[in-house]
Amino acid sequence: MRTVDPAYKLSSTQRCLVKDLLNRQTLLVASWIIIEYCIKNCLLLEHSLQKKYIMADISSNFLGIKSPNPFWLASAPPTDKKINVLRAFESGWGGVVWKTLGSQVKNVSSRYSAVDYGGHRVMGFNNIELISDRPLEINLKEIAECVRLFPDRAMIVSLMADNDRKSWQDIIKKVEDTGAHGLELNFGCPHGMTERGMGAAVGQDPEIARMVVEWVMEAATLPVITKLTPNVHSVVPAGRAVVEAGTNALSLINTIQSVTGVDLNTLVPNPYVGGKSVFGGYCGPAVKPIALKFLTTIAQDPLTKKVPVSGIGGISTWKDAVEFMLLGASNVQVCTAAMKHGFRIVEDMCEGMNNWMDEKGFTKLEDFIGKSVANITHWEDLDINFHVIAKIDQDKCIHCGLCYIACEDTSHQSISLEPGNPYNTYTIKEEECVGCNLCKLMCPVTDCITMEEHRVAPGYINWKQWQAQGLPLNDH
Amino acid sequence: MSIKSNRLTTEQYKQNFSDIHPPFESHGAALVEANRCLFCYDAPCIKACPTSINVPKFIKQITTDNIKGSAHTIFLSNIMGAGCSKVCPVEKLCEGSCVFNLMGEPPIPIAKLQRYSTEKAMENKWQLFHRKKSIGKKVAIVGAGPAGLSCAHVLSREGVDVTIYEKEKKGGGLMTYGIAAYKVTPQFCEDEVDYITSIGGINIKYGNELGKDITLEELQKKYDAVYLGFGVGLARQLNIPGENLEGMVDAINFIYDIRNKGYDKVPVGDKVAVIGMGMTAIDAATQAKRLGASEVTLLYRRTRQEMPCTEVELEIAMLDGCNIVWLASPKEALGVDGKVAALKVEVMKLGEADAGGRRSPVPTGEEFVMDVDMVIKAAGQEPFEFLVKENKINNKYGKIVISNNCATNMEGVFAGGDCVNGGKEVVDAVQAGKDGAAAIIQFIFAQVDE
């Protein structure tokens, strides 16, 4: 059990003040601030005791790296210096992956751009920022300070050295001296660094990735997580190569190469750098489905599923996090959501996950990690006799016609329209409905359209069996 | 107690008559609401609009930053879309039918969004319509109100040369002269008329009254077709003793003066009774209050269920501090020195339902007297019966009778708007103008073909 100096749990402003006052030997005032903190903490403790309904344990153990919750901040701008990381820890984040250290770089301005959708900002986000552009010595000093101030939180350091054994091993040595708990190898950064043969250039070639991991494993005493790039048709070959080379864990996904849009006045794509742009790494809620797919392939592969995975890619809420964990992630990393809302989002992530676990009867994270992996199968194993038909609850229907126009224009003409003034009545033509979900997905009213099960036949039959029995095809 | 003008300071007038429905303050603010729109298919709001504005489309166009397209969508259906966004009783039309009402959520602020797009178009003087080359046909329109202007715009687009004869000095009709100033300013009305006529091919001859300065016969001779859109105008009288006392005024004249003379020039009583519960009654009552009357009472012979104004309008009056007395009918105006000093009111009850299903008020015999120094009559407007009959136009109690294609019994004479329907919303008149124009174009081309 590590001991915690309570003074270091004060907010950074309070801490500076205490330090200042101590220096000036105004001990009385300094003591008062500490006393005040203790009173506040007692109140907080009382407050947390009131929340008796929170029963589940969301503490996480990833490769022996412990954190009070499974929410880490991903290696990115929010984790590139002490001030941010301390603020994150004060807000309650379970751990951070310090922004990538290694090769020497110089950044440009501007660096970010986003995709807005339907009046909401940042459905997707991209960046062209490189790895840390601060002096290595300062980063190392600050990492050590953060570890000392918050010893109960996970501190992982992301690395990307020049492509030679010595560069990698030198930096590993330096980082291990900081007291950090693990290393993450950045084989995923898709912009800038790739032009110098680093980042995604490593992750895209399983053999290069294998070689680098071998160099790393020769030197590393701390657990090593290898972060994979999604800029490949499959993450499994690189995943296998690095597992074979000895990586202790995987994390995925890094960002996806992208162009978020083009400015219709300047005709220059985003983000704008002196009249030009480059492909940037895409992240945020838009990439979550892609990340979940890649994650599942890793969780299902016989070799790669042997190592724990830290899930990344568009996680904004506790629900997203639970989904990643159900599909095999042992913990999750977050960046864009924090960049949008600040570190405070972790509060609901913890509370929401806790409440969900209580409702489901899960007492610890391991109870549900990977539980949905087996529920993604091959198409040819799906049950052809399973059939659903849409049903519109006329009491809930607001007559917007969105189900009708979606089905009529783009699906199976399975909804009938009875004209009314001003409200039309929409009903499902059950015999026409193929059960595609489209109407239900477009309906703006919760639970107005439901998909009701109407099996074609009681028994299970899949495509192969169907075909083997000579049952009718192309018969719709 | 007396009737007098100039009761308030300039600042108070300004505040009392400021825009009751302020516009969106920014594009971002408009986007928040525009993005809420579900983009319904065969949308109820379109069906509830007398001019069938494609509401979901124009709102979608706001969200895609296509404001020009949005304004075009609106004006294509309703060339007075800017004014209608301020005066339409949307709570019983588009917004009243918005599907969000069925979810128990506030409807999309359609009028406010419509105002957003149309004001942008007017401010920037976007020319969204192009007049076809003149086809050498001439049409006369009587009345530059919503029906006349709407008819003129459609005709001009089709290359017809239009001349409008308007008895007032300004166009816009009741929009300009008959609606509360806190809904539309006189300046806005003038701008709107200018914007509509900026398409070209529309010549408005102001100060020309049918039956006085010109005759229908002359118009029929000079033009290929005539469209009558002269509206209604005469206030329905109460036919009670004391009706001619000083201080007994017509709502239409009262509202007209407020818009025409300036707020400080319009005399208003201290204790004012307003007879009626239609939109005009509300406009008169609220504005009497806003001009500085200390007590304004609306008297209506039926109940809240039967009132012609909308709940929203009633709320405006109530929020302005107007008293409402239901089931009350004026019986006699009592005067002192020739000036109205009190109003004898009969208490009514609801009797049998009439053919239209509306229950008629029946006197109970009970009466009360209220002190007043001004009575504003807003019990409805009557058509220009004399003018219609003098010209031998088929009519029903002065309201012009038209066939399905908007034609009157006179060859080449068409009609629409309030002079036909007896007085409806601006938006109804705009649609009547469009229908009239379509009929006239058909008529003209039939002549060309011959």
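**Chain A**

This is a predicted model. Chain A has 476 residues, and 40% of them count as buried. Its secondary structure comes to 15 helices and 18 strands.

Helix 13 of chain A covers residues 402-410. Which of its residues are buried? They are A:Leu402, A:Cys403, A:Tyr404 and A:Cys407. These buried residues pack against five elements of chain A: strand 15 (388-392), strand 16 (415-418), strand 17 (425-428), helix 14 (438-442) and strand 18 (449-453).

Two of those partners also pair with each other. Strand 16 and strand 17 of chain A run antiparallel and are joined by four bridges. A:Glu418 faces A:Thr425 of strand 17 across the pairing. The two strands make a hairpin, with six residues between them. A:Pro422 sits in that loop, between strand 16 and strand 17 of chain A. The bond that joins A:Asn421 to A:Pro422 is a cis peptide bond.

**Between the chains**

How many residues of each chain take part in the contact between chain A and chain B? On chain A there are 15, and they touch 15 residues of chain B. The chain A side has nine nonpolar and six polar residues, with no charged ones.

**Chain B: domains**

In their contact, 14 residues of domain 1 meet 19 residues of domain 2. Helix 6 (residues 81-87) of chain B gives the largest share of the domain 1 side, five residues. By class, that side has ten nonpolar, three polar and one charged residues.

**Chain B: a helix pair**

Two packed helices are described by the angle between their axes and the distance between the axes. Helix 5 (residues 67-77) and helix 8 (residues 110-123) of chain B have axes that come within 8 Å. The axes cross at roughly 105°. The two helices of chain B, helix 5 and helix 8, are therefore roughly perpendicular to each other.

Helix 5 of chain B contributes B:Ile67, B:Ser70, B:Ala71 and B:Ile74 to the contact. From helix 8 of chain B come B:Gln114, B:Ser117, B:Thr118, B:Lys120 and B:Ala121. The contact has four nonpolar, four polar and one charged residues.

**Chain B: a three-stranded sheet**

Three strands of chain B form an open antiparallel sheet, in the order 10-11-12. Strand 10 (328-336) and strand 12 (359-371) of chain B are the edge strands, and each pairs on one side only. From one strand to the next, the twist averages 20°. Strand 11 (residues 339-353) pairs with strand 12 of chain B over nine bridges. Opposite B:Met348 stands B:Pro363 of strand 12.

**Backbone geometry**

Most residues other than glycine have a negative phi, and most peptide bonds are trans. The table lists exceptions in this model.

| Site | Feature | Angle |
|---|---|---|
| A:Asn270 to A:Pro271 | cis peptide bond | omega near -10° |
| A:Asn421 to A:Pro422 | cis peptide bond | omega about 0° |
| B:Lys125 | positive phi, not a glycine | phi about 50° |
| B:Cys406 | positive phi, not a glycine | phi near 70° |

A:Pro271 is in the loop between strand 11 (256-258) and strand 12 (280-283) of chain A. B:Lys125 is in the loop between helix 8 and strand 1 (138-142) of chain B. B:Cys406 is in the loop between strand 16 (399-400) and strand 17 (413-415) of chain B.

The cut-off for exposed is 12 or fewer. B:Cys406 has 25 C-beta neighbours inside 10 Å and therefore counts as buried. The cut-off for buried is 20 or more.

Technical notes: Residues numbered from 1 in each chain as written. Chains lettered and ligands numbered in written order. Predicted model: local features only at pLDDT ≥ 70, side-chain atom pairs only at ≥ 80, totals over all residues. Contact = placed C-beta atoms within 7 Å. Nonpolar A, V, L, I, M, F, W, Y, C, P; charged D, E, K, R; others polar. Axes fitted to C-alpha atoms, helices over the stretch in contact; angles between N-to-C directions. Parallel < 35°, antiparallel > 145°, perpendicular 65-115°, else oblique. Pairing = 2+ DSSP bridges.
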